[in-house]
Structures are given as structure tokens and as C-alpha cells.
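Please look through the sequence and the structure below before reading on. The paragraphs that follow take one part at a time.

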Amino acid sequence: MDETLHNDELLIRYLDGELSVGEKLALEERLRTDNALQEQLTHLRVAVQAVKHLGTAEKVQAVHAEMMKELKSNNKGKVVSFSKLVRYTMAVAASILVLFVGVRLYLNAQLSPEKLYNESFVDFNVSAARGSNENFSEIENHYQQKAYEAVIADVRSVNMDAKDSLLVGLAYLHQNRTAQAVGIFQRLANSANNFQQDAEFYLSLSYLKNKEYSKALPLMEKIKNTPSHLYREYVTEKVIEETKKLNDK
Amino acid sequence: MALRKETFTDAELIDSLVNETRSDAAIRFMYREHFELLSRYIYNNSGNEQDAEDIFQEVMVAFINLIQAGKFRGESSIKTFLFSLNKNIWLNELKRRGRAEAREEKYEKQNVQEVITADIAMELTQTKSELMKTINELGDACKKILLLFYFENRSMKEILDYLPYENEQVVRNKKSKCLKKMEELVRGNQNLYRQLKNYLHG
């Protein structure tokens, strides 16, 4: 017991870099042959590791509070997601629409841009930068209500940020006005903003809908080959293969 | 106080995170650069605002620990690595909650990095609360003295400014006792011990 205690003291001083050169060499010599002593040292090192992990967790926690404040004020408010009810309702509505269109298209053709578009399209989840005590923008409200004409009309009356632009592009896409959608998504995809990846995905779908497969393909490949792309899981090998087939037709 | 907004390359970021005295600015930079993208992954996969914040904090802690243990070797960009870590930590959280969204087939591991981050996420899920539980048993005085010495690298003399001890020798004795207590507590928890041991040799 006394020896263990003595060894602990010695090992702690070793870890702390407090041994003289002679003491250090003697201890290292013992460590080479004494497995129990080695194990004792490992236990202490693991304990120091626990302290370091705790320190990191506390430091991140402190910076976190400060950064959330900064990021939320930069984003004009905190990020809130849609209520589950609205999200589920939208998901159900979207599913029914996709199913309906899907069945109709299946009867018409096995491989068509419409079919592929409908299989690949995922609507934008309007979970956005807004404070819980702030209202959604006009464009967001109209988009949520699927009032796409109103979204497009809003362009003339509001000062748009990147997300609003994206929603306007999507409204055009929903209205089958792909040329206008392409113009908006191109601008967003080619400039630095928080919705660049969304714009790339919807731009590829706009091209697909517009039967411009050779323009859709490089974007799809880019999304698929970017591990950190938000839409990577939606652009499957199958989608790319079928777009290639359409391109070769 | 206005904060200076530094920018970092991946190499500079790693260098700053290794050095605890410079890591604050690096952590802030990672929040500014990556929080938006990573939190949107959480929203797109059934999470809410609080989930996004909690998971991002876990991602930060895990990433810094990996950097300090020399276990991030830069095979991918930091952005890609964080995205993958965020995804896997969130999927484990969904599994823990028994949510159907965590269907594994949808999130097949596509490369080595996915496997690495999935493993890290799994370990975190298993032990994240255990470290805090252990620390609580240690007591505040011990926690403070150990953090000052081993995390902030304060000298015994400097620690005297923070804690009410008579002299350096008293601090030294107290610190040894606290470390031994910590060692016993951690050794008593096999999962925690094994995970921490993985971080020992960089």
C-alpha cells in the first residue's frame, strides 16, 4: 500500500515534469520492466485526459452561449423550425401530390423528365432564421400557404435576402416557369450565401424539368460528390443514371 | 467589447485548437463558418433548434479532443469532417430516442471517414453523460484545482491566486489527492476509461 502511494507521488511528479534528470531516468528504467507501474502511470494519464475533456467541454459551453447570441443577432433572430403539425401536413400534402403525379406519369411513360423530377423533388423546409417573437416575411408566409403567385408578386414589394430569393425561385418552379426559376437559382448558386447548396439542388431539378440534361448532370455529380452537401442523399446514383439515359435519348 | 473576427485556414485552425490559450478564437471561427450548415442538417432530419445547438456543441467538443490527441489527420477538409461528425452524432441521438428517422439503410456509410465519425459518435453516445457524472462525484474544489493545473496550465503559485490555500505545497498536495481521486473514479467506469484511453497517444 505504502509502495503504491509512493509510486503514485512519483508518477504524478513525472507527469507534471517535476522530476530531476536522474529521478526521471531511473523511473523510466523501472517503467520499462515493471508492468504494474506502467499500468499505474496509464491510469493517471487517463485521469488527466478526463480533466482535459472536461476543460474542453466547459470552454465550448462558454463560447457557445456567446456565439449563439452573435449568430442569432446576425440572422435577425434565432433559428426556429416549423411546428411539427405544419411540417407533417406539408409532408403529407407533398406525398399525396407526388403519389398522384407519380401514378399518372407511370401510366404515360416509364422514363421521362417529369417522372424523374417528381421522384427527385423535395420541397424546401422553411425552417428559417427568424426570432420566435418575430413574424415570418411575406414571402415565407405566402410560400407556406403554397400561394406561389403571391410569392412571385412579393418580389416587386420587398427587399429580398437569399432565402427569399430561393423561395421565389421555388415558386416559379412550382408554377412551371422554369426559365425564371433557372435565372434565380443560377444567381444564388454562383454567389456566396447560406442557400447556395439549396440553389444548386433546385437548379439541377429546374434543368431536368426543362429537359436541359447536359446542364443538370454536372450539378448532380457535384452534389453527389460533395460529402458535406445538404442534398447529397437526395441525388442518388439512380437519379444520375436516369438523367444520363434521358440525355442519350 | 468588439471581438476581432479572425479567419483561419484548416492548418491554422488545427494549430490554434492544439494550443488552449489560442483556441477561443478558433472555436468562434468554427461557429461562424459551420453552425449554419450543420444546424440545417439537423432541421432537415427531424431536429429542432435546441437539438441543433446541443449537437453542434458535442461536435465541437469531440473535434477539439480529436485534434488535441492528434487523431484528425486531415484526410478530408474540416468542413466535410464536421458535417459527417454532426450527422452521425445526430443519428445516434435519434436512435437513442427510438426515432424511425434513424433508419440505417438511408445513411449507409459511404467511405472511411463516415466509419470513423460513426465510431466516434457511438462512443460519445455511450459515455458523454458518464464523464459529467464522474466529475460531479469529484467535487468542486478538486475540479477547479485540476482544471487550473492540467487544462489551463497554471503554476502552483498562480493557483494560489484563485484558491484559498496557504502555500504552494498545500496546493501541490491537494492537487495530487484530487488526481488520485479522479483516477479511481475513472477507473471504476470501464466505458469511460476505455474511451479516454483511446485519446492518450496521438
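**Confidence and layout**

In chain A of this predicted model, confidence is highest in helix α2 (residues 21-33), at a mean of 96, and lowest in strand β1 (residues 79-80), at a mean of 43. Over residues 77-82 of chain A the pLDDT is below 50, although the model gives this stretch 24 contacts beyond near neighbours in sequence. Residues 129-133 of chain A also stay under 50, and for them the model has 11 contacts beyond four places in sequence. Where pLDDT is low, predicted coordinates should not be read in detail. For chain A as a whole, the average pLDDT is 82, and 83% of the residues score at least 70.

The secondary structure of chain A consists of 12 helices and two strands. Read from the N terminus, the order is α-α-α-β-α-α-β-α-α-α-α-α-α-α. Chain A has 249 residues, of which 32% count as buried. Among the contacts in chain A with a separation of 6 or more, 51% are between residues 24 or more positions apart.

The next topic is where the two chains meet. Here 37 residues of chain A are in contact with 46 residues of chain B. On the side of chain A that touches chain B, the elements giving two or more residues are α1 (2-15), α3 (35-74) and β1 of chain A. The largest share, 23 residues, comes from α3(A). By type, the residues of this side of chain A divide into 18 nonpolar, 12 polar and seven charged.

What is the size of the largest nonpolar core, and which residues have the most contacts inside it? It has 65 residues, and B:Val59 and B:Met182 are the ones with the most contacts inside it. The element that gives the most to this core is α3(A), with 12 residues. Leaving out residues up to four places away in sequence, B:Val59 touches B:Leu38, B:Leu82, B:Leu85, B:Asn86 and B:Ile89. Another core lies apart from the largest one; it has 37 residues, including A:Tyr172, A:Leu173, A:Tyr202 and A:Ile223.

B:Met182 is also one of the buried residues of helix α8 of chain B, together with B:Val171, B:Lys175, B:Cys178, B:Leu179, B:Glu183, B:Leu185 and B:Val186.

Helix α4 of chain B, residues 78-96, can be checked in the same way. Its 19 residues should span 27 Å at 1.5 Å a residue, and its end C-alpha atoms are 27 Å apart, which agrees. Of these 19 residues, 14 are buried, so α4(B) is largely enclosed by the rest of the structure. Just after α4(B), B:Gly98 takes a positive phi of about 70 degrees.

Most residues other than glycine have a negative phi. Two residues other than glycine with a positive phi can be found in loops. A:Asn176 has a phi near 60 degrees and lies in the loop between α8 (162-174) and α9 (178-189) of chain A. A:Asn176 counts as exposed because it has 9 C-beta neighbours inside 10 Å. B:Ser46 has a phi near 75 degrees and lies in the loop between α2 (23-44) and α3 (49-68) of chain B. With 17 C-beta neighbours inside 10 Å, B:Ser46 counts as partly exposed.

The last stop is A:Leu208, in helix α10 (residues 196-209) of chain A. Is A:Leu208 buried or exposed? It has 26 C-beta neighbours inside 10 Å and therefore counts as buried. Not counting residues up to four places away in sequence, A:Leu208 touches A:Pro113, A:Leu116, A:Tyr117, A:Tyr213, A:Ala216 and A:Thr243. Between A:Leu208 and A:Thr243 there are 7.6 Å in space, C-alpha to C-alpha, and the two are 35 residues apart in sequence.

How values were computed
Residues are numbered from 1 along each chain as its sequence is written. Chains are lettered from A and ligands numbered from 1 in the order in which they are written. This is a predicted model: local features need pLDDT of at least 70, side-chain atom pairs count only at pLDDT 80 or more; totals for chains, interfaces and linings use all residues. A residue is buried if 20 or more other C-beta atoms lie within 10 Å of its own, exposed if 12 or fewer, and partly exposed in between; C-beta atoms are placed from the backbone. Helices (H or I, at least four residues) and strands (E, at least two) are DSSP runs, numbered from the N terminus. pLDDT is the predictor's confidence in each residue, from 0 to 100. Two residues are in contact if their C-beta atoms, placed from the backbone, lie within 7 Å. The expected span of a helix is 1.5 Å times one less than its number of residues. Ala, Val, Leu, Ile, Met, Phe, Trp, Tyr, Cys and Pro count as nonpolar, Asp, Glu, Lys and Arg as charged, and the others, Gly among them, as polar. A nonpolar core is a set of buried Ala, Val, Leu, Ile, Met, Phe, Trp, Tyr and Cys residues joined through C-beta atoms within 7 Å.
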